Amino acid sequence: MTTSRREILKSIPGAALGAAAGSVPAQAIAPIARSGRPRLRLGLAAYSVRGYLTGELSPAMTLDDFIERAAAWEVDAVELTSYYFPPDFAPAYVAGLKRHCFLLGLDVSTTPIRNTFTYPAGPEREREIAHVKRWLDVAADLGSPAIRIFAGDAQKGQREGEARRCCVESIEACADHARSRGVFLALENHGGIVAEPDSLLEIVQAVKSEWFGVNLDTGNFHGADPFADLARCVPYAVTAQVKVEMQAKGGPKQEADLGRLVRMLKDGGYRGYATIEYEAAEAPLTAVPRYLDRLRALL
């Protein structure tokens, strides 16, 4: 497909896009146009070693320590989660992280943040928008091409259609700043109003920006067939987080079929990082390098 999503969106009447999310069929979404064969590279999320970064596990780590360990594990990129930046960090700290990654031959694939975009117009929404814009600046300074954002839960008394509309408006309020800084807004399928693929894709349909896409988390759909749900979203993914466990509706957590996940990403035309975000029970310092080796071989 050579037609861009922006061109298709321009052909849709403004009223259709301005209506409550869900009024446009999900299948009408235009995939991201990519040339060349699928190309996947190996990444690791700082969240994978969160217990060490928070000091709950020993040895305690800083983000610089995580970068060193990721380099020793021979990944291509690191995902530097905002949760583990020190309070009131200065620009020099961001520059130091960027320098450290560059000297170790690592890219910064994404900068995940925490936010809620379901608030109606008002001070709470403005606070969240300002927070996301601030992290767009941090990501740009860091050399990170994307920030992971959340949609959030519907607010008390709020219908889900209204919550999705608020999410679309909040994302679009950040879109110009994302464009000016050259950083993607990547919306994760992270429960709440985007727990199902239809809901996620309705938001993607409605947002009018070329600097917006999906952060596809392979462990966050829990329907009857999570693989089928994920496959629908792959063509719109700008980042991908690979979980080592998955859980279908009514079933237990099971070890993910990494080979099938890689084939799914390739079949969907994805080009970018496949980033392990480890959440399983086994000690991360033991399990993470093993899963990295398995995923590296598949990529």
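Val204 is buried, with a relative accessible area of 0%; buried means under 20% relative accessible area, exposed over 50%, and partly exposed in between, with a 1.4 Å probe and protein chains only. Val204 belongs to helix α8 (residues 197–206). The structure is a predicted model, in which local features need pLDDT of at least 70 and side-chain atom pairs count only at pLDDT 80 or more, while totals for chains, interfaces and linings use all residues. Residues are numbered from 1 along each chain as its sequence is written, and side-chain values use heavy atoms, with hydrogens and water left out.

**Confidence**

- The chain averages a pLDDT of 91, and 90% of the residues score at least 70; pLDDT is the predictor's confidence in each residue, from 0 to 100.
- Over residues 1–29 pLDDT stays under 50, and the model has 40 contacts beyond four places in sequence for this stretch; a contact means heavy atoms within 4.5 Å.

- The C-alpha atoms of Val204 and Tyr236 are separated by 8.2 Å, although the two residues are 32 residues apart along the chain.
- Ser170 is located in helix α7 (residues 160–181) and is buried, with a relative accessible area of 0%.
- Leaving aside residues up to four places away in sequence, Ser170 touches Phe117, Arg125 and Ile129.

**The barrel**

- Eight strands close into a barrel in the order β1-β2-β3-β4-β5-β6-β7-β10, and the pairing is parallel. From one strand to the next, the twist averages 30 degrees.
- Helices (H or I, at least four residues) and strands (E, at least two) are DSSP runs, numbered from the N terminus; two strands pair if DSSP finds at least two bridges between them.
- Strands of a sheet pair through backbone hydrogen bonds, either parallel or antiparallel.

**Strand β1 and its partners**

- Five of the seven residues of β1 are buried, so this strand is largely enclosed by the rest of the structure.
- Strand β1 (residues 39–45) pairs with strand β2 (residues 77–79) in the parallel sense over three bridges, and Ala45 stands opposite Glu79 in β2.
- β1 also pairs with β10 in the parallel sense, over six bridges; here Leu42 stands opposite Ala274 in β10.
- Helix α11 (residues 284–298) lies across β1, β7 (237–242) and β10 (271–276), and runs at about 175 degrees to β1. Axes are lines fitted to C-alpha atoms, for helices over the stretch in contact, and angles run from 0 to 180 degrees between N-to-C directions.

**Strand β3 and its crossovers**

- Strand β3 (residues 107–112) is mostly covered, with five of its six residues buried.
- β3 pairs with β2 in the parallel sense over three bridges, where Ala77 stands opposite Asp107 in β3.
- β3 and strand β4 (residues 146–149) pair in the parallel sense over two bridges, and Thr111 stands opposite Ile147 in β4.
- The chain crosses from β3 through helix α6 (residues 123–142) to β4 in a right-handed β-α-β crossover. A crossover is right-handed if, with the strands pointing away from the viewer, the path from the first strand over the helix to the second runs clockwise.
- A right-handed β-α-β unit is also made by β2, helix α5 (residues 91–103) and β3.

**Helices α4 and α5**

- The axes of helix α4 (residues 63–72) and α5 come within 10 Å and cross at roughly 10 degrees. That makes α4 roughly parallel to α5; angles under 35 degrees count as roughly parallel, over 145 as roughly antiparallel, 65 to 115 as roughly perpendicular and the rest as oblique.
- Leu63, Asp64, Ile67 and Glu68 in α4 meet Tyr93, Leu97, His100 and Cys101 in α5.
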